[in-house]
Amino acid sequence: MWRVKPPVTFPKEVKYRPILENLIPPDPMARFHLKRGFPQEEFPDLCRNFTWMGRILTLDLYRRQFNRCTQSGVIFDDVIRPGLEEPGDYLGPVAVGCVAGDAESYILFCDFFDRVIEAYHEQKITSQTPESDLNYDNLKGGDDLDRSYAVRCEVSVVRGIEDFCFPTHCSRGERRRLLTLARQALQQLEQELAGRLLLLTDLSQEQQSELNLKAPTSFQLRIGVARDWPDARAVWVSENRSLLVWVNIDEHLRLVSMREDANVAEAFQCICISLQKLEKYYRGLRHPFIWKQQLGWVTSSPANVGTGLRISVLIKLQHLPTHKHLKDVLKRLRINMDKTDSPELYNISNMATFGFTEVALTQLVVDGVKLLTIMEKRLEGNLSIDELVPAQK
């Protein structure tokens, strides 16, 4: 007669089982005792929300994210809070409406973030690693913009530091450690490019304005970016004023190069050289910049994933802003045109940061500014610009 054999027991397994079970990482959500209802009860009202978050988020998608939590305590309601605080305008530009609290957010909430990134940047996320090109010699032009129209330019790039939460979620201690790291890295940079680190607590409002630093907006205060302002915020300034490095202002790091002669090539070269040096220094400090396999460089905002690069040129335009083809021209050139305080000055910048290399993005803006300048000149002479409108890509 067959009998069921009793399960085999191993003495060591019985002895060490409690120890092994304690080593299993607990569910981060189990640490919280949030008094929340069911997902359908907590789902936000998105009827008049014009952000990408508002357009993409559904109850089913919200339900899938509802009980997730990163190791540092970021839940999905933290992610979508910016879009609820600033729902956007029907006629205005569409903002992402969300923010990552830490690098893990892009992984844990990937089914949401990936859709937002694809919609905002108009690029598909694939299994391929995004390409990077910081060889400024590959840029064609940029130092030959028509100064009668191009007033000045600015090139900036943002980076997140590994092992630290992003500004909306980091603690005071994390922010102060980030400042300490920045001081150590920038001291190494000073050996090749003279400069000094200035704490915001030591700067007057006039000095901050000279460095193009603005007081935090009410929106930044509401979503937590400007908590404890100006504690542990600083700006590094090179002696020749060719480079600024913002520390803990809106991201962990932001490198800015401004040129009053609108020489985009020089500004881009300054950013490329300085960025690669700082990347090396931070890696030596065992806190490299945050890189994700399918997204590239990531920071708190999905609007900056990929390269984190922004190129903007201030140009004078009188006739083109009211032309019927302007909207199509900007869309096909993949650039933005924003109004400024001056009625004749407009800020031209890249639309996306993902899906292109750094050189390619800069080239888009340079070529776009040149084409807009040619169109403006033709309109000044009462000539048609129909043949100059780029084809749909």
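Predicted model: local features only at pLDDT ≥ 70, side-chain atom pairs only at ≥ 80, totals over all residues.
1. Basis. Local features need pLDDT of at least 70 and side-chain atom pairs count only at pLDDT 80 or more, while totals for chains, interfaces and linings use all residues. Residues are numbered from 1 along each chain as its sequence is written, and side-chain values use heavy atoms, with hydrogens and water left out.

2. Helix H7. Helices (H or I, at least four residues) and strands (E, at least two) are DSSP runs, numbered from the N terminus. H7 covers residues 110-121. Its buried residues (under 20% relative accessible area, 1.4 Å probe, protein chains only) include Phe-112, Phe-113, Val-116 and Tyr-120. The buried residues of H7 pack against helices H3, H4, H5 and H6 and strand E8. After H7 comes Glu-122, with a positive phi near 55 degrees.

3. Gly-37. This residue sits in the loop between helix H1 and helix H2. Gly-37 counts as partly exposed because its relative accessibility is 26%, and partly exposed lies between under 20% (buried) and over 50% (exposed). Leaving aside neighbours within four places in sequence, Gly-37 is in contact (heavy atoms within 4.5 Å) with Glu-42 and Phe-66.

4. Nonpolar cores. A nonpolar core is a set of buried Ala, Val, Leu, Ile, Met, Phe, Trp, Tyr and Cys residues joined through side-chain atoms within 4.5 Å. The largest has 64 residues, of which Leu-243, Val-313 and Leu-372 touch the most other members. Helix H11 (264-284) gives the most to this core, with 11 residues. Apart from it lies another core of 30 residues, among them Phe-113.

Note on methods. Expected span 1.5 Å × (residues − 1).
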